[in-house]
2 protein chains.
Amino acid sequence: MRLSTKGRYAVTAMLDLTLNGSDGPVTLAEISETQGISLSYLEQLFAALRSKQLVKGVRGPGGGYYLGREADEISIADIICAVDEWVEFTRCGGNRDCQDGKRCLTHNLWDDLSNEIFSFLQSITLAELVERGGLKEQGCRKEKEKASIMPTATADTAAA
Amino acid sequence: MRLSTKGRYAVTAMLDLTLNGSDGPVTLAEISETQGISLSYLEQLFAALRSKQLVKGVRGPGGGYYLGREADEISIADIICAVDEWVEFTRCGGNRDCQDGKRCLTHNLWDDLSNEIFSFLQSITLAELVERGGLKEQGCRKEKEKASIMPTATADTAAA
DNA sequence: TTATAACCAAGTAAATGACTAGGTAATTAT
DNA sequence: ATAATTACCTAGTCATTTACTTGGTTATAA
């Protein structure tokens with residue numbers, strides 16, 4: 001699993017589509033301006049998203065992009081995998097150079113964790129994200145409320 | 001949040017420490033050979049881990065590395081943040097260039113998601129990972145069992 | 001028929017990833 | 001004391017990835 005700023009760009013753009021796609025298609029130019037992402041970079045990202053049927057393009061004036069399916073049918077994992085490519089690491093060949101099982105053991109553990117992260121991201125849809133996070137505290141609250149949400153310093157969550 | 005192969009290297013190495021640190025410190029040379037990671041690269045990663053007190057170095061012959069605290073006190077998020085640096089994106093300044101609240105809205109949504117991923121990774125400790133994943137199916141199973149778990153090629157899971 | 005948009009290809013500067021080379025410093029064994 | 005072993009440190013390198021630019025082509029609505 002890879003999760004970089006590229007994936008964030010894609011998710012952000014898809015969120016934009018979700019929020020603004022109800023009244024006609026959204027142009028990349030709009031997303032570019034609103035989200036502060038280069039137009040051509042967006043085109044590249046959307047080429048990947050389109051190839052996975054996550055968005056639908058409409059050409060010509062008045063055109064733009066729609067979501068490829070309903071917002072509750074698109075998971076965050078779908079989006080990230082489309083642009084970031086799910087890198088298949090470890091896997092040490094299954095048999096070759098398995099150092100006393102030690103290497104494979106840790107690799108298996110990482111695989112397990114990796115799978116958990118994946119299914120976690122797969123369990124969150126665009127629709128859900130918009131429902132719980134966005135609409136209640138809309139707009140641009142100054143700054144202080146958000147700081148309390150950040151988990152940076154907290155050490156409370158311990159339940160698996 | 002960034003989650004790359006660099007973070008995987010760090011987690012893998014820390015897992016190695018967890019599994020083998022009970023009888024004396026583990027040398028980077030051992031980890032390098034067992035896990036197939038360059039020694040100098042490990043040194044760089046461990047410099048970061050050490051600065052965050054996640055590992056303790058012991059110099060001289062017979063030296064090596066211990067975990068900095070108990071395995072159930074070290075979360076995956078701790079490790080990844082140490083080496084990958086938690087990049088604080090979005091946040092659009094709180095006030096400036098807030099495009100009708102649109103940009104901030106999507107950024108808030110991403111922040112929420114980012115926080116969830118973080119607290120998810122913070123909820124998993126090294127000790128937990130070893131307990132559930134590793135010990136039951138130890139060693140290097142040939143290959144087929146693992147394939148069924150991997151979500152790479154499947155397109156079935158769509159339910160949230 | 002013209003403007004608007006999606007589409008496409010190639011190249012680029014900067015950052016990152018993973019590694020190499022060549023050290024110094026502390027500690028144990030001889 | 002001396003030598004071996006290990007952590008620890010700095011700098012540099014090459015390939016890949018990021019994010020972007022330039023310069024197109026197609027399709028479609030006005």
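Modeller: A polar contact here is a pair of N or O atoms within 3.5 Å. The model is predicted: local features need pLDDT of at least 70, side-chain atom pairs count only at pLDDT 80 or more, and totals for chains, interfaces and linings use all residues. Residues are numbered from 1 along each chain as its sequence is written, chains are lettered from A and ligands numbered from 1 in the order written, and side-chain values use heavy atoms, without hydrogens or water.

Start with the backbone of the DNA. A phosphate oxygen of DNA strand D sits 2.9 Å from a polar backbone atom of B:L28. Now the bases. The side chain of A:Q44 has an N or O atom 2.4 Å from a base nitrogen of DNA strand D. From chain B, a polar side-chain atom of B:E43 is 2.7 Å from a base nitrogen of DNA strand D.

A residue is near the strand if one of its heavy atoms lies within 4 Å of it. There are 27 residues around DNA strand D, and A:T5, A:S40, A:Q44, A:R59 and B:Y65 come nearest. Of the DNA strand D atoms that come within 4 Å of the protein, 65% belong to sugar and phosphate.

Which elements supply at least two residues each? Chain A gives α1 (5–20) and α3 (39–51). Chain B gives α3 (39–51), β1 (55–58) and β2 (64–67). Helices (H or I, at least four residues) and strands (E, at least two) are DSSP runs, numbered from the N terminus.

Behind part of this lies α2 (28–35) of chain A. Its buried residues (under 20% relative accessible area, 1.4 Å probe, protein chains only) are A:L28, A:I31, A:S32, A:T34 and A:Q35. Their cover includes α1, α3 and β2 (64–67) of chain A together with α5 (102–122) of chain B. Two of these, α1 and α3 of chain A, also supply the surface near DNA strand D. After α2(A) comes A:G36, with a positive phi near 75 degrees.

Follow chain A past β2. A:S75 lies in the loop between β2 and α4 (76–84). A:S75 is buried, with a relative accessible area of 4%. Leaving aside neighbours within four places in sequence, A:S75 is in contact (heavy atoms within 4.5 Å) with A:L121, A:Q122, A:I124 and A:T125.

Definitions and conventions: Polar contact = N/O pair within 3.5 Å; in protein donor to acceptor, adjacent residues only side chain to side chain. Buried < 20%, exposed > 50% of the residue type's maximum accessible area, 1.4 Å probe, protein only.
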